[in-house]
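Please look over the packing report for this chain.

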Amino acid sequence: MTHDDRPDGMRAAVQETYGPADLSAVPVFAGGFINFGYWRPEDLDGPPTVDDRIRSQQDLYRRVLDCAAPLDGARLLEVGCGLGMGCALALEEYRPDRVTGMDIHPQQLDRARRANADLLDRTGPERLRLVRGAAERMPFEDAEFDCVYSVEAAQHFDDLGLFAAEAARVLRPGGRVAVTSFFAPEPGAAPRLAELLDTFADGLDIARPPAELTDALARAGLTEVRCESIGPSVWPGWDHWLSAQWKPGTWPRNFRYAWEQGLLDYYVITGGRPGR
């Protein structure tokens, strides 16, 4: 069954994880950002704290948004916004004109509206709006945004080529795209990742090389497409945080092992639409 054939537009694992299972409520994702985090070396020195965890997730957003800065007065789109915590951070710290959060899951958007109720009341839809849509089929006009960004969602996208084409379409000339997520550096890693990690085994995450996205962005007409590994700032800190709740040998602890074995890494991928 293709993406377009599904009435809900979601794979079963995505529908369950971000719907009834509510991943945002799992303690390892304290603060509601639902990402692995961008960690500081000093975070590894002592027992991990909830404050460290929340800041790591915020810092991953900052790492991505800084790639497109300055964003004063800009129109931003987050693809796969989840609870909208990153949208709120972008709005409050980067002074854009408007932030649009898009997510495919209606239950996530309902939670996002509740989580950001006070901010929505203060700003109104003119500054923050939450919209349902798929990465491969965005419900926006051509050249509507100055920046399209996505934080730890691309591993769920059904088709990176369609996402790249849509990101290029909705970007204005001179606009930037910035994506961070985990990819499989080497071809043929999918079977081994499925053995090690439940999220690959059940179809929640898809194992693809980063070149699949960088090549797609270039084909879509973006230039200065760059791919940078940030694994050293992600995997050790993520594993250190997991160590407080998961024992060695349990599958969540295999993320770091997969990275050490060269099966998985974390990247920031950027590019720009030519023109002004």
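The report starts with the model, then takes the cysteines, the nonpolar cores and the helices.

This is a predicted model: local features need pLDDT of at least 70, side-chain atom pairs count only at pLDDT 80 or more, and totals for chains, interfaces and linings use all residues. Residues are numbered from 1 along each chain as its sequence is written, and side-chain values use heavy atoms, with hydrogens and water left out.

**Cysteines**

A disulfide here is a pair of cysteine sulfur atoms within 2.5 Å. The search of the whole structure finds zero disulfides. Cysteine 81 is in none. Buried means under 20% relative accessible area, exposed over 50%, and partly exposed in between, using a 1.4 Å probe and protein chains only.

| Cysteine | Nearest cysteine sulfur | Distance | Relative accessibility |
|---|---|---|---|
| Cysteine 81 | Cysteine 87 | 4.8 Å | 4% |
| Cysteine 147 | Cysteine 67 | 9.2 Å | 1% |

Cysteine 81 counts as buried. Cysteine 147 is buried too, and its sulfur is too far from that of cysteine 67 for a bond.

**Nonpolar cores**

A nonpolar core is a set of buried Ala, Val, Leu, Ile, Met, Phe, Trp, Tyr and Cys residues joined through side-chain atoms within 4.5 Å. The largest has 57 residues. Among those touching the most other members are Phe36, Tyr149, Trp235 and Trp238. Helix H3 (residues 85–94) gives the most to this core: six residues. Helices (H or I, at least four residues) and strands (E, at least two) are DSSP runs, numbered from the N terminus.

A second, separate core holds 28 residues, including Val79, Met102, Leu171 and Leu222.

What does tryptophan 235 contact, neighbours within four places in sequence aside? Its partners include Phe36, Phe182, Arg256 and Asp265. Contact means heavy atoms within 4.5 Å.

**Helices**

Tryptophan 235 also belongs to helix H10 (residues 235–242). Eight of the eight residues in H10 are buried. They pack against helix H2 (50–65), strand S5 (171–183), helix H11 (254–260) and strand S7 (265–272).

Helix H6 (residues 160–170) and helix H9 (residues 210–219) have axes that come within 8 Å and cross at roughly 40°. On the H6 side, Leu160, Gly161, Phe163 and Ala164 meet Glu212, Leu213, Ala216 and Leu217 of H9.

Note on methods: Axes fitted to C-alpha atoms, helices over the stretch in contact; angles between N-to-C directions.
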